[in-house]
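Dear colleague,

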Amino acid sequence: MNDSYEPVIVGFLCNWCSYRAADLAGTSRLHYAPNMRPIRVMCSARVEPQFVLKALREGADGVLIAGCHPGECHYVDGNIKALRRYELLKRMLRQLGIEEERVQLVWAAASEGNVLADAVNRMTEQLRRLGPLRWRETVLGGDAQPEERAGEMMAKEV
Amino acid sequence: MRYGYYPGCSLERSAAAYHQSAMAVVQTLGIDLVEIDDWNCCGATEYFSINLLPAYALVARNLALAQDQGISNQLVAPCSACFLNLTKTDRYMMESSKLAADVNEALAAGGLHYTPGTVRVRHLLEVIVNDVGYDAVAARVSKPLTGLRVAAYYGCLIVRPGYGGIFDDPEHPTALDKLMRVLGAEVVDFPLRAQCCGGHMTQISQEVAFEMIRRLLKNAADYEADVIVTVCPMCQLNLDAYQPNVNQFFGTDYTIPVLYFTQLMGLAFGASPIELGIGKEFVDARPALDKIGVALPLTEAPRRPERPKEALPMPRMEEE
Amino acid sequence: MTATAIAARAPTFLEEVIARTPGESHLERCIQCGTCGGSCPSGADMEHTPRGLFALINAGLRELVLRSNAPWYCVSCYYCTVRCPQQIHITDVMYTLKRMAIDEGYYTESTARDAPEFSKTFIDFVESNGRSFELGLATAYHLRHRPLNAVGMVPMAVGMLRRGRMDLVPTRIKGIKQLQAILKRAKELGGAK
Amino acid sequence: MNEERIGVYVCHCGSNIAGTVAVEEVAQWAAKLPNVVVSRDYKFMCSSLGQELVEKDIKELGLTRVVVAACSPHMHERTFRATCERAGLNPFLFEMANIRELDSWATDDRAAATQKAKAMVSAAVRRVVYHQPLQLLPVKINPNTLIVGGGVAGITAALEIANAGYHVYLVEREPSIGGHMAQLDKTFPTLDCSACILTPKMVDVAQNKNITLLSWSQVEAVEGYVGNFTVTVRKKARYVNEEKCTGCGICIEKCPKKVIDEVFEAGLGYRKAIYRPFPQAVPKYPVIDTSNCIFFQRGKCKACQMFCPTDAIDFEQQDQILKLEVGNIILAIGYDTFDPRRIPQYGYGRLANVFTSLEFERMVNAAGPTGGRIVLRDGVTTPKSVAIIHCVGSRDKNYNEHCSRICCMYSLKFSHLLHERLPDAQVYEFYIDIRATAKRYEEFYHRVLEEGTRFIRGRVAEVTDAARMPGEEGKLIVQYEDTLIGKQRRLPVDMVILSLGMEARRDSREVAQIFGLGCEYNGFFIERHPKLDPVNTMTEGIQIAGACQGPMAIPEAVAQGAAAAARVLSLISQGTVMMEPVRAHIDADKCSGCRICNNLCPYNAIVFHEDRKVSEVITALCQGCGACVAACPSAAITGAHFTDEQVMAQIEGMLWDVQPQFAMTSMETR
Amino acid sequence: MMAKKKPRFAMYWAASCGGCEISTLNIGDKILAVDEAFDIAFWPCVADFKVKDVERYPDGYIDLCLFNGAIRNSENEEMAHLLREKSKVLVAFGSCASEGCIPGLSNLTTAQATLRAVYLDNPSTDNPKKVLPQPFTKVPEGTIRIPEFYERVKSLDQVVPVDYVMPGCPPEAKQIAAVMDAVITGVALPPPGRTVIGAGNVAVCEECPRQKNVKQIKRFYRLHEITPDPEICLLEQGIVCMGIATRAGCGALCPRVNMRCEGCYGPLNGIEDQGANMVAAIASVIEEGSGPLAGVDEAELQRRIGEIMETLVDPAGTFYRFNMAHSLLMRARFKGDVV
């Protein structure tokens with residue numbers, strides 16, 4: 001990760017559509033960016049905004065939430081719930097200084113391996129351009145804890 | 001109701017009657033059309049054939065002017081080709097951020113910038129039908145066009161492909177029919193209502209163009225229309241000015257006058273034919289207008305002093 | 001794995017046409033149904049129907065396509081575009097083919113070779129005045145390219161003048177310098193996409 | 001942090017995984033992860049030898065958790081769960097990492113693929129620690145079945161189940177069962193008379209003791225879950241007492257009000273205000289169409305009542321609401337035909353002699369409005385030339401992208417019937433492709449070719465009456481490109497038939513919502529698997545059959561009806577069904593009664609106890625989507641097998657290699 | 001003083017408004033019992049102590065230290081370390097110490113911007129020379145040092161380990177009294193480790209008397225935009241009441257008087273992030289006026305949902321009103337940061 005920056009995306013894929021779409025992309029040998037690390041959930045409605053923050057906090061550069069198309073949800077309208085949360089989360093993240101591209105919601109039907117693959121490629125490309133999440137400058141703000149100083153204190157504590 | 005107004009080159013001269021009648025009608029309807037200062041040609045159907053980015057930039061200059069002059073966020077174009085080019089440019093700039101960036105880089109050379117989606121471009125017919133409404137139009141009718149058989153001709157670009165949103169059915173539009181009925185006219189079925197007038201083919205292949213014009217004239221004649229009513233200067237020009245040529249070419253004898261919808265609206269509102277620019281057509285509209293009791297003065301509308309025919313002046317040629 | 005380097009494939013003609021058409025043309029989707037060819041008002045006079053052109057494009061028959069009169073006979077009526085069951089932006093593709101024919105010089109071999117000249121003459125006026133100029137356009141174009149036909153057009157031009165429907169001198173916009181600067185910049189930025 | 005003992009198994013899948021992922025390296029690396037006591041790689045984990053490896057380790061090394069990194073869980077999760085179970089380990093203490101479909105098959109980059117595989121293994125290892133032993137849930141099956149839709153698919157399914165000795169409620173919205181098939185004249189390619197083969201089955205339905213036929217009825221609500229559905233059905237008032245009516249038909253004869261029959265006669269014929277859609281209708285009882293009945297509209301008439309010999313007319317009759325208890329449901333609601341008015345350039349509705357395929361079916365039917373005579377709209381003139389236009393509303397992104405599959409064949413059938421009835425007429429078929437892909441179809445195509453039909457390859461651009469040339473006057477002109485010669489042409493004909501595509505029923509989305517199903521973008525119901533499970537749905541206990549699943553012809557609809565019946569019978573004969581324990585649960589102590597979750601459940605599985613002010617999940621109703629789990633602001637709802645801590649641990653594991661910026665605070669709440 | 005050694009008590013005030021101290025004094029008669037039961041070792045608000053006194057104490061000298069206020073500057077942090085060393089039991093007392101509270105909201109912007117707002121841009125500020133506080137200022141007498149203003153506000157547990165947390169802004173007097181009572185009477189406290197005491201384990205709704213129904217929010221209102229029905233759950237009326245995601249213990253004081261719960265008691269056990277949790281809960285119950293399966297076009301659906309969300313002004317400031325400094329993202333620490 002030193003020479004060239006490769007973003008890491010955590011992908012929450014719903015069991016019925018988007019995970020199957022990802023399976024299909026693989027089965028059809030659609031090659032796409034290996035940057036997305038998939039986590040299977042039963043429905044996009046299971047994805048808690050907490051999971052998104054957690055992933056960003058643990059070092060992910062972006063989070064992709066993928067569900068069935070509206071009207072095609074296995075659980076009737078779980079994806080609509082995901083969409084509602086996403087719309088609010090997006091607004092909150094904006095205030096926290098996290099760029100919109102970092103958290104994305106896409107729809108991919110079980111037959112749309114290409115749609116999912118394209119989404120991953122597109123997002124990877126966007127994140128490459130964006131660079132790593134700039135914690136100090138955006139989320140945490142400023143430069144309160146310069147590394148040297150932190151190191152010093154660490155030494156004292158130890 | 002206040003709108004920006006983009007007349008387009010045709011309305012400056014060859015379709016001055018359209019401009020004149022439009023102004024008379026909108027005044028009656030209480031619409032304020034404010035002309036965009038120093039607008040330029042939209043490129044018609046030609047510029048996109050030659051060079052893409054300059055073509056978009058050419059159109060976008062108008063959008064940028066409309067945006068900056070702050071007359072209204074809506075811009076009315078009476079010419080269907082202008083309407084198409086303006087809506088197309090706005091739409092494609094909206095869809096492609098790359099195009100928007102390139103066009104704006106070009107505009108920057110002239111100190112301009114256009115944010116896609118800022119200006120909503122509308123066709124004059126659509127504004128009258130949707131913003132004013134049939135009822136308000138009906139309320140202004142003082143001399144209904146009773147007995148006049150009208151073929152409502154839409155042409156292509158007002159209904160297709162709908163870059164500015166779908167206004168009427170692209171295959172079988174009806175808005176102009178309804179408007180004409182509101183004016184008291186009898187609207188004939190006109191199956192070819194949205195077919196092409198030939199566009200620029202008159203300049204490229206007359207045989208092809210004349211055939212396209214013939215079809216329309218024949219269809220209107222088959223349904224015994226007294227007059228064809230249009231919403232576009234190009235359609236009017238092709239059907240009217242070329243009607244004698246078409247007759248000559250095919251040995252037919254169509255004499256169907258072609259008027260702008262605003263001219264018929266004006267007549268129904270009681271305006272005089274002269275102030276509506278009637279009398280500038282190639283195919284005499286008088287027999288048709290006789291049917292509704294509109295008499296044209298015997299002398300034609302005032303015009304420039306005539307030049308001797310043999311002395312047709314050659315315009316000054318540009319260097320390149 | 002030992003990999004043998006395979007040279008990257010040059011784009012096909014189809015890919016080129018798609019790349020030079022703004023937005024998503026969807027040309028690759030064509031199922032050759034012929035709706036466009038049936039709908040085209042000038043289709044009967046085209047050397048190839050739009051569908052036929054697309055088959056030729058797919059086959060990579062570049063010269064045949066760029067020499068065809070078909071794109072120049074397109075009247076921009078958009079019937080094909082709204083009817084296409086695959087939602088291909090056919091009219092836009094026609095514009096692309098016209099530009100490619102000009103760029104590659106094939107249009108001079110087309111039976112419709114006058115058409116681009118008409119477009120160019122038109123543009124000349126727009127670029128020097130900011131507005132189109134019908135009389136100048138008609139005379140310049142006809143004298144240059146159809147001297148014989150020019151005579152035939154005289155009665156109509158006279159009619160236009162007599163009815164006050166044609167100007168004798170062009171109108172020029174105030175901001176012509178600004179417009180020219182914009183167009184110059186646009187040309188520098190290049191046309192593709 | 002805990003005492004779990006994890007075994008990790010990395011599968012080569014031949015070269016499918018090992019070709020791209022350094023599997024040995026991943027296995028060796030995984031051995032060092034916390035709690036991992038053994039980590040192996042193996043050629044084919046799903047082989048019996050691979051499974052035995054796991055079983056042996058569970059027994060000998062005392063593994064308490066198992067992680068297999070191989071293919072998609074949709075492929076082999078069940079396999080390895082069974083493996084664990086055989087070795088005495090609860091099957092839910094297993095986790096799968098999909099390093100094939102989601103990794104090795106999706107890239108060429110070996111380094112990146114290996115890194116991604118490590119992340120996925122690390123995530124699985126961290127997650128599996130938090131797994132809890134779960135038990136499948138047994139559910140009893142009520143042996144009664146509800147079938148919605150009395151077309152050929154529904155009829156077939158009903159008879160199959162009834163004949164096996166179980167009870168069926170067959171609900172049909174129209175006054176009679178029979179569906180679209182009852183409207184047809186002949187069926188392709190065998191040219192059987194449609195009524196002759198369908199009517200006996202309809203009679204069987206009427207006579208079968210195990211079938212309760214509820215025609216003129218609609219399902220309004222469904223509650224419950226597989227094995228135990230409660231269905232609310234509205235049985236609309238017929239205004240005819242079924243106990244007394246003998247079906248003699250005198251009322252129909254005497255009714256003075258004639259109405260255009262938009263349903264059965266496709267708008268081409270008439271019926272009365274009291275009517276039976278067709279003479280062989282099942283049930284035989286007529287219904288009164290109140291919006292057209294003179295009595296209901298103006299308060300006078302009652303001709304039917306006056307003439308009824310058994311006093312069966314009852315103007316006071318009310319709708320009845322029935323509650324049915326069933327264990328299984330089959331939806332066979334069929335299809336609608338495309339409305340050609342949406343394509344104005346084909347002129348339907350404007351040009352008199354443009355007909356729809358359904359109109360033509362009625363026209364050629366001997367029992368139809370013209371008694372089988374093929375005539376123009378004037379009812380008299382025989383056409384001399386007929387153009388049949390394929391793909392109307394099909395294969396078109398502006399309307400329906402799908403191929404309707406039956407139109408080619410019925411169009412060919414029309415050609416054949418035209419030849420038979422009007423030997424002098426010239427018939428043209430305008431097609432994009434001829435799709436004759438089932439048994440005896442291609443042969444039928446050849447037969448029609450030999451009969452002299454002219455096939456023109458080109459999708460018709462427009463149909464117009466605007467004559468352009470001599471010879472076109474007074475005709476319908478079909479404008480098209482003959483794509484095989486590359487020329488635009490015009491063809492004047494007397495009659496045009498539009499071969500309409502099939503669409504999902506216009507209310508299919510509302511139906512799907514009532515039954516908790518998913519619809520595809522075009523409204524057809526989504527099957528559980530398009531190949532391996534075509535009649536099952538994602539909702540346990542609900543099957544689909546016939547054209548509500550997608551466009552299909554009669555034989556397929558019949559096969560699906562029978563297949564759905566077999567599915568139902570198999571469940572009935574098992575008596576109970578085991579269900580996945582992925583379910584939500586509310587901890588009543590933590591629940592504050594805020595009721596956020598109450599209307600989130602699409603299955604109404606959450607109830608609120610007003611007395612205790614807490615919400616509760618009815619386990620049997622819960623389908624495990626987790627929408628409520630995510631929404632609960634008190635963390636009072638847990639989703640079994642997808643708990644917060646499991647997912648959080650999985651996230652941490654996924655990102656094991658990219659946490660360069662921070663250290664954890666030890667003081668965090670978990 | 002009696003012969004029997006009394007336990008020693010300390011209370012300190014870092015970046016805080018003083019409300020915690022007032023609330024503590026508000027426990028009524030119990031304050032006498034506190035005085036009776038404890039020796040006061042350090043309580044600058046009540047009695048005169050110097051830092052030097054504390055520095056002289058041996059480690060673990062103080063038995064119970066209530067620390068209120070967030071860590072806003074270097075002085076706050078130094079005191080946190082000092083009191084941690086000297087105290088057996090350290091309690092993060094009140095919302096500021098436990099989760100950053102209102103000062104934590106400044107984490108939405110930069111320290112620079114905060115200083116500008118206070119010393120330069122504030123309309124009532126008169127600072128013609130545009131002087132900003134500097135950590136070190138040279139004067140003829142030497143260098144004056146004032147505490148360094150940190151970039152980011154932290155909760156107490158982000159700088160030192162904390163044994164217990166008493167939430168609330170401020171902690172309710174009766175809760176303080178109960179805890180004090182327990183300590184004095186020798187009732188065993190739960191095991192330490194940022195353990196919450198003096199509060200409930202269920203959400204505020206449990207204590208809220210309003211009628212709760214199924215929720216379908218068509219738009220959000222701010223309090224000044226609507227007069228809420230006094231009987232019905234505020235959230236149902238579109239008011240962003242945080243009660244659903246907030247620990248009980250206050251007795252639902254705010255909702256009882258038609259005010260929305262602002263969330264001062266912090267998130268419940270098992271919740272990683274109060275803001276994210278509110279997003280999940282609240283967004284789930286909006287009603288965009290379309291049956292989910294009615295075939296609404298995806299963009300239109302998104303537009304309608306977006307329209308409703310736009311009526312929720314300042315989601316971050318609302319959902320993290322008290323919890324910002326302790327939110328999941330803010331708990332991120334640079335490698336090397338000291339716990």
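Predicted model: local features only at pLDDT ≥ 70, side-chain atom pairs only at ≥ 80, totals over all residues.

Residues are numbered from 1 along each chain as its sequence is written, while chains are lettered from A and ligands numbered from 1 in the order in which they are written.

Among the six pairs of chains in contact, chains B and C share the most contacts (two residues are in contact if their C-beta atoms, placed from the backbone, lie within 7 Å). This contact involves 63 residues of chain B and 69 residues of chain C. On the side of chain C that touches chain B, α8(C) provides the largest share, 11 residues (helices are DSSP runs of H or I with at least four residues, numbered from the N terminus). That side of chain C comprises 35 nonpolar, 17 polar and 17 charged residues (Ala, Val, Leu, Ile, Met, Phe, Trp, Tyr, Cys and Pro count as nonpolar, Asp, Glu, Lys and Arg as charged, and the others, Gly among them, as polar).

Between chains B and D, the contact takes eight residues from chain B and six residues from chain D. The chain B side has two nonpolar, two polar and four charged residues.

Two pairs of chains do not touch: the nearest C-alpha atoms of chain A and chain B are 14 Å apart, and the closest C-alpha atoms of chain C and chain E lie 18 Å apart.

In chain D, the domain assignment includes domain 1 (6–134) and domain 5 (584–640), with bounds from an automatic or database domain assignment. Their centres, taken over C-alpha atoms, are separated by 34 Å.

Yours sincerely

Definitions and conventions
Helix = DSSP H or I, 4+ residues; strand = E, 2+ residues; numbered from the N terminus.
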